[in-house]
Amino acid sequence: MPSKPVKKPAAKPAAPKASSEAPTSSKKAPQPIQILRGMRDLLPNDQPYWQAARDAAASLASAYGFDRIDTPIVEDTALFVRGVGRATDIVEKELYRFETLGGEDVALRPEGTAGVVRSYVQHGMLNIPQPVKLWYEGPVFRYDRPQAGRFRQFYQAGFECIGEADAIVDAQLIVLGYNFLKNLGIDATLRINSLGTPESRANYKNALVAYFRAKKAKLSEEDKKRLLKNPLRLLDSKDPAVQELKAEAPQLVDWLDEDSKAHFMRVLEYLDELGVPYQLDPYLVRGLDYYTKTVWEWFSNSDDQELAQSALGGGGRYDGLVESLGGRPTPAVGCGFGLDRIVSRLKEKNPPSPDQMRYMPVDVFIAQLGDMGRKKALALFEEFREAGIPVGEAFAKSNIKAQMEVANKRSAKWALVLGQKEVLDGTVLIRDMDAGSQETVDIKKAVHEIKKKLQNLQAREQKGE
RNA sequence: GUGGCCAUGGUGUAAUGGUUAACACACUGGGUUGUGGUUCCAGUAAUACGGGUUCAAUUCCCGUUGGCCACCCCA
């Protein structure tokens, strides 16, 4: 790009907010198009962290017998309205919802479970051995206001176990999560609660509303709204007055039906058996309507002050969801993790070294000089690649010094130099980058020669251990 | 949706009501197209956008947009 765009326009035309292309403006000063709010690019330097998180999820999935599933990012809006719950914030105000050209009412998935359950029902998975254990990983979307650890497009890994009611499945899913975080070296606390059945929860809700209605005078406006909309949330209120009232308020545990109570006790017994530490949290309510019985959440223990968004993942039983999405009554339980927050913890623990990561290391680097050298180098590169030896190049550069710099940055053990002289002799120069010594070998034997050197190196390393 | 703080090259920072906006890193090129990890030289590149006050604004004021943070909610 030799010539740069002339001058900056004296005054830029007010860039219209919406992306109207304005083809009439003859001035050719293309404004850079910005990424959408709440979205972000996962740049190459961060990819190793993402890879570590995904690998950890994949390897545990296979260890615990979960099969991979991928469901669409776009689904019928009704799936989430029915699945997640009409009155939840996730559906009511955070859904990425729009009409397609064909007039369908669709939405970007705000979580993973609804799509998986839809797929279970649609593909008649009730006819394969139960429980059906599925896992996924991918982007989800919520039209929320961005903040620390909160994005409009973020990534979740989730595990669903459909078709089994026993508490042991709940416990195993929890220990899976425990190991997931442990393997990644993330310090987190498990909080757990039971929501009972929809009936017992409704009864409890009534009792709670009755209790708080009597003290309505002490509630803030915000909390009064909650009392109407989502009374269970009142228990989360940070208002000190409510905190006080909370102590006297009816407890969810006392309203649990016998079955849920027994189920919960068994989950806890299993956790004790596994040695998974937990905190009972009678006020833990999850933001989705479909949960029944066991619910849990993982909170980061990072001692950094700022972490308002410390929920790393959570899960729970959803015994009613399959039925409400048109399947037969089928018990199920699942959990999910926010990979963005996991990755940010990984980065804290293991900050990136400034440069290092941007250069992919190679064993061999091919440097060329002149047209003939360059031509031969292109073919030689292929030979090494086919031999499975990591090899690098900078064919676009003609200057050897610049090429050696790249070889060094990519920590090549040997640089092969192919110039006019070598091409004419049918040889190639091998430079040992550590020793600085050089030798000339027959170009036909170059791959063989390097293989030998690699073997020697390995042998020496083994002896050194 | 509500509130607080903020906005200078690709990144991290500096400076100023006054005309060449500084430095470092990174990037590109060069030191007789033949040698890197420790050199030297040069180059590309910025005051978010719009309006106002002023002789003069990157600096002060307002608006917009965006970012960060908190509430809300959640992962």
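1. A crossing of two helices is called right-handed if the near helix is turned clockwise from the far one by less than a right angle. In this predicted model, helix H1 passes helix H12 in a right-handed crossing.

2. The axes of H1 (residues 47–63) and H12 (residues 339–349) come within 9 Å and cross at roughly 120 degrees, which makes H1 oblique to H12. On the H1 side the contact is formed by Tyr 49, Trp 50, Ala 52 and Ala 53, while H12 contributes Leu 339, Ile 342, Val 343, Leu 346 and Lys 347. Sorted by class, the residues of this contact comprise eight nonpolar, no polar and one charged.

3. The strands of one open sheet, eight in number and with mixed pairing, follow the order E1-E5-E6-E11-E10-E9-E7-E8. Its edges are strand E1 (67–68) and strand E8 (279–280), each of which pairs on one side only. Within the sheet, strand E9 (residues 292–300) and strand E10 (residues 311–317) pair in the antiparallel sense over six bridges, and Phe 299 has Ala 311 in E10 as its bridge partner.

4. Helix H4 (residues 113–122) packs on this sheet, where it touches strand E5 (132–141), strand E6 (153–162) and strand E11 (332–338), and the direction of H4 makes about 40 degrees with that of E6. Helix H10 (residues 258–274), for its part, lies across strand E7 (188–194) and E9, and runs at about 35 degrees to E9.

5. Two details of the backbone deserve a look in the model. Most residues other than glycine have a negative phi, and most peptide bonds are trans. Gln 130 and Pro 131, however, are joined by a cis peptide bond with omega of about -5 degrees, and Pro 131 has its place in the loop between H4 and E5. Lys 293, which lies in strand E9, is a residue other than glycine with a positive phi, near 50 degrees.

6. Around RNA strand B there are 61 residues, of which Ala 148, Gly 287, Gly 338, Met 404 and Gly 419 come nearest. The surface near RNA strand B draws at least two residues from each of E6, E10, E11, H12, helix H14 (400–409), helix H15 (420–425) and strand E15 (427–432), with H14 giving the largest share, six residues. By class, the surface near this RNA strand consists of 18 nonpolar, 18 polar and 25 charged residues.

Technical notes. Residues are numbered from 1 along each chain as its sequence is written. Chains are lettered from A and ligands numbered from 1 in the order in which they are written. This is a predicted model: local features need pLDDT of at least 70, side-chain atom pairs count only at pLDDT 80 or more; totals for chains, interfaces and linings use all residues. Axes are lines fitted to C-alpha atoms, for helices over the stretch in contact, and angles run from 0 to 180 degrees between N-to-C directions. Helices (H or I, at least four residues) and strands (E, at least two) are DSSP runs, numbered from the N terminus. Angles under 35 degrees count as roughly parallel, over 145 as roughly antiparallel, 65 to 115 as roughly perpendicular and the rest as oblique. Two residues are in contact if their C-beta atoms, placed from the backbone, lie within 7 Å. Ala, Val, Leu, Ile, Met, Phe, Trp, Tyr, Cys and Pro count as nonpolar, Asp, Glu, Lys and Arg as charged, and the others, Gly among them, as polar. Two strands pair if DSSP finds at least two bridges between them. A residue is near a molecule or strand if its C-beta atom, placed from the backbone, lies within 6 Å of it.
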